[in-house]
Amino acid sequence: MRISHLVYSNTGGAGTIAISLTNKGNKSNKYLNKIIFTGPKLSQIYKKIKKNKYSYIKTFKGFQFFSWVNVIFRLAKFKSDLVFVHNYMVIPALAYSYVFNKKIIFVDHAAYNIKGYKDILIAKLSKFFSFNIIVLNDDNYKFYRKYDISKNMIHLIHNGIDEKFFKRKKIKRNINKSFKIGMSARLDSFKLQELIIKALSNK
């Protein structure tokens, strides 16, 4: 099976996940994965990937639709059987799916607090085209359920962590003892790192 991943070309969690899935999948003889990055600039991190494992399509702000034909062409050239859409280039993916009768899976990496008209459109399109959606938190799951999308079409993966396997460890709180907090994320207003500081500053 040939699997393509449509990913925004800037640094972010979606790209990291796509790379992990691609590396894991390519170790199997059953799957052949390729990433198609689209955006105004390709992150230096992604340039470290082997060139035969990805391709890049440059886009221009406000004129992304000009690249849609190129995206469809790249998917067709790779003969993709399945397309993972990581929050980006949904319309060309749907066009490819319709023309070539292939499956797509939409992976929603976006936070619930920045949902907008594009997300509402995706929710309605998913109901019409019957493609599956992967969400990473309960809020996004409820968001899609609000638009009467079948439970069988929405798959909840809590930030990619299997909570049945990784159990929470109870730690006795000691206010006099120092401790360290780690966060695997970029510094961004959406990540609310300042909230941790505010929470710790309140006694």
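View 1. The 7 strands form an open sheet in the order β3-β2-β1-β4-β5-β6-β7, with parallel pairing, two strands being paired if DSSP finds at least two bridges between them. At the edges lie β3 (54–58) and β7 (154–156), each of which pairs on one side only.

**View 2. The pairing of β2 with β3.** Strand β2 (residues 32–39) pairs with β3 in the parallel sense over 5 bridges. Within β3, Ser 55 is the bridge partner of Ile 36.

**View 3. Helix α4 and its surroundings.** Helix α4 (residues 117–129) has 13 residues and reaches 18 Å from its first C-alpha to its last, close to the 18 Å expected at 1.5 Å a residue, the expected span being 1.5 Å times one less than the number of residues. Asp 119, Ile 122, Ala 123, Leu 125 and Ser 126 of α4 are buried (under 20% relative accessible area, 1.4 Å probe, protein chains only), and the buried residues of this helix pack against α3 (90–100), β5 (103–108), β6 (132–135) and α5 (138–145), contact meaning heavy atoms within 4.5 Å. Just after α4, Ser 130 takes a positive phi of about 60°.

**Notes to all views.** Residues are numbered from 1 along each chain as its sequence is written, and side-chain values use heavy atoms, with hydrogens and water left out. Because the model is predicted, local features need pLDDT of at least 70 and side-chain atom pairs count only at pLDDT 80 or more, whereas totals for chains, interfaces and linings use all residues.

Key
Helix = DSSP H or I, 4+ residues; strand = E, 2+ residues; numbered from the N terminus. Buried < 20%, exposed > 50% of the residue type's maximum accessible area, 1.4 Å probe, protein only.
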